[in-house]
Amino acid sequence: MRFGIVVFPGANCDHDAHHVVKHVLGQDARFIWHKDRDLSGIDCVILPGGFSYGDYLRCGAMARLSPVMEEVVAFAKRGGKVLGICNGFQVALEAGLLPGAMLRNRSLKFVCKDVHLKVENDRTPFTSAIPAGEILRLPIAHADGNYFLPDDELERLEGNGQVVFRYAEADGRITDAANPNGARNGIAGIVNEAGNVLGMMPHPERMAERILGGEDGRRIFESLIGGSKV
Amino acid sequence: MQARVYVTLKRGVLDPQGKAVARSLTTLGFDEVRDVRLGKFIELDLGDLPKEQVRKRIEEMCERLLANTVIEDYRIELLGA
């Protein structure tokens, strides 16, 4: 599988994502500079974490105007897979690839810690190798991860099964205490209606090797590749 | 021409920064404070355009970049118009 990792000025998880898909999973991967437009041959675009454009104005607001994003939106419309991680999720929201917006964490603090996630939907290309109901442990590191969607749209999102990951206790209970940022309904990751675009605040690329403390993140990439080595 | 744009979180959208500032003001003894909303203030210096066009152009700037209308409202002030 061919991965394209978009490099925005200020991205800082681009190399982590590249490392995981190329060196841990042995897939084809290349970086795509944000001013380039060539996505030829790419099966999955990764919008990586970081602080694109210094988070000026709003997280992701500038990055979505980069030339490459026009191509990424067209790619997604054709059914191409897009994985937005952390700042990449924020860029995907600003670009209209996914519904909703991010507010400042309710604690007003940058939160950097491991969290537990309940897999709510395994009928996506990103979770096909992880049975629904399983609990993953992944790190988060963000100040603006407080996912917001108005009531009626939230109801539709939930009804469509577009919520893929929800913050949970280690035993899987969904509680307010397990919600690290105040996101509505404890939402940590969602897909678009077609299911080919996933945005998530936690960092699967930082938890894909035992030496780094865990391998749960690798299962998302393995789902994508289609080799359910779990 | 100068213009000012105020971007604030919509009513009904939790404003954690505003809440923190409100609490701090209460701590200082400003008991009359009921609510605080924080926002962004943007000054625009614009080239000459027919006045009727200016507001329309700034509205477009707000819709496309300056505000995220999922969570934010905006208000436009034209100076010397």
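Analyst: The largest nonpolar core holds 75 residues, and those that touch the most other members are A:Val6, A:Val45, A:Ile46, A:Val82, A:Ala92 and A:Leu117. A nonpolar core is here a set of buried Ala, Val, Leu, Ile, Met, Phe, Trp, Tyr and Cys residues joined through C-beta atoms within 7 Å. A residue is buried if 20 or more other C-beta atoms lie within 10 Å of its own, exposed if 12 or fewer, and partly exposed in between, with C-beta atoms placed from the backbone. The model is predicted: local features need pLDDT of at least 70, side-chain atom pairs count only at pLDDT 80 or more, and totals for chains, interfaces and linings use all residues. Numbering starts from 1 along each chain as its sequence is written, while chains are lettered from A and ligands numbered from 1 in the order in which they are written.

A:Val6 may be taken as an entry point. Neighbours within four places in sequence set aside, A:Val6 is in contact (C-beta atoms, placed from the backbone, within 7 Å) with A:Ile32, A:His34, A:Val45, A:Ile46, A:Leu47, A:Pro48 and A:Val68. Apart from this core lies another, of eight residues, including B:Val5, B:Ile58, B:Cys62 and B:Ala67. In soluble globular proteins, nonpolar side chains tend to be buried together.

Chain A as a whole has five helices and 11 strands; helices (H or I, at least four residues) and strands (E, at least two) are DSSP runs numbered from the N terminus. Its radius of gyration, taken over C-alpha atoms, is 16 Å, close to the 17 Å of the globule rule for 230 residues (2.2 Å times the number of residues to the power 0.38), so chain A is as compact as a globular protein of that length. Of the 230 residues in chain A, 55% are buried. Among its contacts with a separation of 6 or more, 74% join residues 24 or more positions apart.

Nine strands of chain A form an open sheet with mixed pairing, in the order E2-E1-E3-E4-E11-E10-E9-E6-E7; two strands pair if DSSP finds at least two bridges between them. Strands E2 (28-33) and E7 (135-142) are the edge strands, each pairing on one side only. Within this sheet, E3(A) and E4(A) pair in the parallel sense over four bridges, and A:Leu47 stands opposite A:Gly84 in E4(A).

E4(A) is largely enclosed by the rest of the structure, because five of its five residues are buried. From this strand A:Lys81, A:Leu83 and A:Ile85 point one way and A:Val82 and A:Gly84 the other way, all of them buried. In a regular strand the side chains alternate between the two faces of the sheet.

Helix H3 (residues 87-94) of chain A is likewise mostly covered, with eight of its eight residues buried. Those residues include A:Phe89, A:Ala92 and A:Leu93, as well as A:Asn87, A:Gln90 and A:Glu94. What covers the buried residues of H3(A) includes strand E3 (44-47), strand E4 (81-85), E5 and strand E11 (197-200) of chain A. After H3(A) comes A:Gly96, whose phi is positive, near 80°.

Strand E5 (residues 101-103) of chain A contains A:Leu103, which is buried, with 25 other C-beta atoms within 10 Å. Leaving aside neighbours within four places in sequence, A:Leu103 is in contact with A:Asp144, A:Asn146 and A:Phe148, and with B:Val13, B:Leu14 and B:Ile71 of the other chain.

The contact between the chains takes nine residues from chain B and nine residues from chain A. On the chain B side, the largest share, three residues, comes from helix H1 (residues 16-27). That side has seven nonpolar, two polar and no charged residues, where Ala, Val, Leu, Ile, Met, Phe, Trp, Tyr, Cys and Pro count as nonpolar, Asp, Glu, Lys and Arg as charged, and the others, Gly among them, as polar.

Chain B has an open sheet of three strands in the order E2-E1-E3, with antiparallel pairing. Eight bridges join strand E1 (residues 2-9) of chain B to E3(B); the bridge partner of B:Leu9 in E3(B) is B:Glu72.

Notes
Contact = placed C-beta atoms within 7 Å.
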